[in-house]
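Visitor: Could you walk me through this fold, starting with how the strands are arranged? Please give me the cut-offs as you go along.

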Amino acid sequence: MRTAVTWFEIPVANFDRAVSFYERMLDTKLKYEERLGFKTAVFSYEEPGVGGSLTTGEGYAPGAGGAIVYLPVAGMMDAVLKRAEKQGGKLLMPKTKVNDQVGYIAQIVDCEGNRVGLHDPVLS
């Protein structure tokens, strides 16, 4: 096994609000798709890298008690945290240095109530 994660889905109830939140927070565009009858917005990634999406539909319920997905924010942690709060996100864990190999992490609650991690491998 090359990686422990092959895909992730962040459940959302209000699809348009969630897409707007993540696009503004990460300063990027997500790709809209229908997958197996579910509405998704896919985060940009390069094959064979790990991809993921915002997903809405039956069985997808946002919440803070589930798994924590860490999104890459290399060199942009401070700006991303500011944009997250500006979009209605809440800071759970401020930018915190893990160690010299991992770099920094932070956690937010997004506009849908999901706990989401941010990872910045840049050591500064």
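Guide: A word on terms first: two strands pair if DSSP finds at least two bridges between them, and the elements themselves are DSSP runs numbered from the N terminus, helices being H or I of at least four residues and strands being E of at least two. This is a predicted model, in which local features need pLDDT of at least 70 and side-chain atom pairs count only at pLDDT 80 or more, while totals for chains, interfaces and linings use all residues. Residues are numbered from 1 along each chain as its sequence is written, and side-chain values use heavy atoms, with hydrogens and water left out.

Visitor: Fine. In which sense do β3 and β4 pair, and over how many bridges?

Guide: β3 and β4 pair in the antiparallel sense, over 4 bridges. Within that pairing, Val42 stands opposite Ser53 in β4, and Thr40 has Thr55 of β4 opposite.

Visitor: And what about β2 and β3?

Guide: β2 and β3 are antiparallel too, paired over 5 bridges, and Tyr32 has Ala41 in β3 as its bridge partner. The hairpin of β2 and β3 has 2 residues between the strands, and in this hairpin Leu36 takes a positive phi near 50 degrees.

Visitor: Is Leu36 buried or exposed?

Guide: Leu36, which is found in the loop between β2 and β3, is exposed, with a relative accessible area of 82%. For the cut-offs, buried means under 20% relative accessible area, exposed over 50%, and partly exposed in between, using a 1.4 Å probe and protein chains only.

Visitor: Which other non-glycine has a positive phi?

Guide: Asp27 has a positive phi of about 55 degrees although it is not a glycine. Asp27 is placed in the loop between α1 (15–26) and β2 (31–35), and at 63% relative accessibility it counts as exposed.

Visitor: Where is the cis peptide bond?

Guide: The cis bond runs from Glu47 to Pro48, with omega near 5 degrees, and Pro48 lies in the loop between β3 (38–42) and β4 (51–56).

Visitor: Back to the sheets, then. What is the strand order in the one with β1?

Guide: That open sheet of 4 strands has the order β1-β4-β3-β2, with mixed pairing. Its edge strands are β1 (7–11) and β2, each of which pairs on one side only, and the twist averages 35 degrees from one strand to the next. Helix α1 packs on the sheet, touching β1, β2, β3 and β4, and its direction makes about 150 degrees with that of β4. Contact here means heavy atoms within 4.5 Å, while axes are lines fitted to C-alpha atoms, for helices over the stretch in contact, and angles run from 0 to 180 degrees between N-to-C directions.

Visitor: What order do the strands take in the sheet with β5?

Guide: This open sheet of 4 strands runs β5-β8-β7-β6, again with mixed pairing. The edge strands are β5 (69–72) and β6, each pairing on one side only, and neighbouring strands are turned by 25 degrees against each other on average, direction ignored. Helix α2 (residues 77–86) packs on the sheet, where it touches β6, β7 and β8 (115–120), and its direction makes about 5 degrees with that of β7.

Visitor: How many bridges join β6 to β7?

Guide: There are 6 bridges between β6 (residues 90–99) and β7 (residues 103–109), which run antiparallel, and a hairpin joins β6 to β7 through 3 residues. Thr96 stands opposite Ile105 in β7, and Met93 opposite Gln107 in β7.

Visitor: What sits over the ring of Tyr104?

Guide: The charged end of Lys95 does, 4.7 Å from the ring centre. A charge sits over a ring if NZ of Lys or CZ of Arg is within 6 Å of the ring centre and within 35 degrees of the ring normal.

Visitor: Changing topic: how many aromatic pairs are there?

Guide: A search of the whole structure finds 6 aromatic pairs. Phe21 and Tyr22 form one that is edge-to-face, with 5.2 Å centre to centre and 75 degrees between the planes, and both residues are buried. Rings of Phe, Tyr and Trp (its six-membered ring) pair if their centres lie within 6.5 Å, and planes under 30 degrees apart count as stacked, over 60 as edge-to-face and the rest as tilted.

Visitor: Which residues do ring pairs link into a cluster?

Guide: The cluster linked by ring pairs consists of Phe8, Phe21, Tyr22 and Phe43.
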